[in-house]
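Please look through the sequence and the model before reading the points below, which concern charged pairs and a surface patch.

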Amino acid sequence: MCLSKAYVDRNGARELVMEEVASLSVEDGKIMLKTLFGERKEIVGSLREVDFLTHVLVLEGEEGR
């Protein structure tokens with residue numbers, strides 16, 4: 001199974017915020033990440049990069065709930 005890792009870019013340094021991301025949605029400037037097991041994380045910011053080969057999501061912003 002090909003699930004992704006989500007990172008937040010803060011001043012050029014990537015910080016891992018969630019592993020095994022199964023879905024990503026954008027609503028009102030917030031990015032909602034979800035795993036297959038129902039874990040959720042909200043990031044206030046924007047999607048900067050998606051690398052399908054390495055299964056990496058790079059976000060800009062601040063970690064929320």
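1. Buried means under 20% relative accessible area, exposed means over 50%, and partly exposed lies in between, with a 1.4 Å probe and protein chains only. By this scale Glu49 counts as partly exposed, at 30% relative accessibility.

2. This is a predicted model, in which local features need pLDDT of at least 70 and side-chain atom pairs count only at pLDDT 80 or more, while totals for chains, interfaces and linings use all residues. Residues are numbered from 1 along each chain as its sequence is written, and side-chain values use heavy atoms, with hydrogens and water left out.

3. Glu49 and Arg14 meet through their side chains in a salt bridge, with 3.3 Å from N to O (a side-chain nitrogen of Lys or Arg within 4 Å of a carboxyl oxygen of Asp or Glu). Because Arg14 lies in strand β2 and Glu49 in strand β4, the pair ties together parts that are 35 residues apart in sequence; strands here are DSSP runs (E, at least two residues), numbered from the N terminus.

4. A search of the whole structure finds five salt bridges. Another of them joins Lys5 to Glu19, whose closest N and O atoms are 3.7 Å apart, and it ties together parts 14 residues apart in sequence, since Lys5 lies in strand β1 (residues 4-10) and Glu19 in strand β2.

5. Asp9, Arg48 and Glu60 are linked in a network of salt bridges.

Terms used. Helices (H or I, at least four residues) and strands (E, at least two) are DSSP runs, numbered from the N terminus.
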